[in-house]
Amino acid sequence: MKYEGAIYRPPSEANSLILQITVGCSHNRCTFCPSYKDKRFRIKTFQEIKEDIDEAAQFGWAIDKVFLADGDALIVPQPRLMEVIDYLKRKLPHLRRVGIYANAKGVLKKGTENLRELREAGLGIIYLGVESGDQVVLDRVKKGTTYEKLVQAGKMVKDAGIKLSVTVLLGVGGRDRSKEHAVATGRILTAMDPDYVGALSLIIVPGTPIYEEIEKGEFVLPTPFELIRELGIMIAHTDMHGLFFSNHASNYLPIKAAMPQDKESTLKLIHDVLAKRDPNFLRPDSLRAL
Ligand code: SF4
């Protein structure tokens with residue numbers, strides 16, 4: 001497989017074949033995101049993609065899941081995406097699900113009809129980066145979208161019958177906006193009602209704009225217990241019917257809550273952790289990662 005640069009995938013795609021159909025992210029402006037800063041965005045040619053699929057087909061493994069990278073691969077025009085999925089199905093007879101990263105722009109450009117066509121072809125899950133429901137935070141981190149567009153995109157994915165997995169980012173509002181970020185993110189999750197939510201914690205990476213903001217004292221990262229309090233406020237304001245995870249390696253407190261039934265017990269756990277303030281309950285910084 002001819003991967004260009006570092007490759008990222010959701011934790012739940014750990015057992016999938018990662019097929020890089022784009023290089024980088026077409027937006028690439030979020031101030032906190034180090035993932036694709038060294039890559040110039042491009043869509044790979046079908047020939048390049050085909051060669052990778054042919055190579056994977058020769059592994060001799062029963063590949064049943066494929067994840068399409070990089071950062072917002074859904075931006076690939078519909079005919080090319082259909083061509084890729086059709087070729088995957090031809091070459092990988094055990095294939096049962098294709099997943100992909102997307103941002104709101106990519107979903108809205110597709111529209112419900114194209115998304116339905118992709119679902120019928122085998123696209124089973126879209127991972128949508130939301131980060132925050134707070135417009136002030138979205139603007140500050142240059143997410144390039146709005147609360148309304150994010151909700152519309154989330155609903156469009158679900159209407160097309162594709163599973164919706166949403167990422168939100170603890171700490172991205174900084175200390176000054178922590179509460180507003182948590183409340184508004186709970187509100188947007190309620191409006192979208194995704195199948196899965198993955199809450200990650202912001203890790204500051206040198207070279208990113210947000211790192212420079214910290215250096216200048218313009219952004220202050222919440223402490224570990226403040227991040228857990230933020231998580232609690234977010235969950236308290238979220239009414240959804242899916243799985244809420246915070247088990248990503250970036251988090252201090254891993255949780256997995258089937259909503260709505262686990263909501264109260266999860267809030268109690270968070271309350272107890274905050275009451276005891278015992279650092280032994282937290283994942284050590286040395287084990288945290290992007
Ligand atoms: S967070 Fe997502 S949309 Fe923003 S720059 Fe990173 S990959 Fe692109």
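Begin by selecting helix α5 together with its surroundings: its buried residues pack against α3, β6 (123–131), α4 (135–140), β7 (163–170) and α6 (178–192). The model on display is a predicted one.

Next, show the side chains of α5 itself. The buried residues of this helix are Y147, L150, V151, A153, G154, M156 and V157. A distance check between the end C-alpha atoms of α5 (residues 147–159) gives 18 Å, which agrees with the 18 Å that its 13 residues should span at 1.5 Å a residue. Continue past the helix to G161, which follows α5 and has a positive phi, near 80 degrees.

Then select the pair α2 and α3. Two packed helices are described by the angle and the distance between their axes. How do the axes of helix α2 and helix α3 cross? The axes of α2 (residues 78–91) and α3 (residues 104–121) come within 10 Å, with a crossing angle of roughly 10 degrees. The two helices are therefore roughly parallel to each other, since an angle under 35 degrees counts as such. To display their contact, pick Q78, L81, M82, I85 and K89 on α2, and K110, N114, E117, L118, E120 and A121 on α3. By class, this contact of α2 with α3 holds five nonpolar, two polar and four charged residues.

Finally, turn to the cysteines C25 and C33. Are they buried or exposed? C25 counts as buried, at 15% relative accessibility. C33 is likewise buried, its relative accessible area being 18%. A search for disulfides across the whole structure finds zero.

Key
Residues numbered from 1 in each chain as written. Predicted model: local features only at pLDDT ≥ 70, side-chain atom pairs only at ≥ 80, totals over all residues. Heavy atoms only, no water. Axes fitted to C-alpha atoms, helices over the stretch in contact; angles between N-to-C directions. Helix = DSSP H or I, 4+ residues; strand = E, 2+ residues; numbered from the N terminus. Parallel < 35°, antiparallel > 145°, perpendicular 65-115°, else oblique. Contact = heavy atoms within 4.5 Å. Nonpolar A, V, L, I, M, F, W, Y, C, P; charged D, E, K, R; others polar. Disulfide = S-S within 2.5 Å. Buried < 20%, exposed > 50% of the residue type's maximum accessible area, 1.4 Å probe, protein only. Expected span 1.5 Å × (residues − 1).
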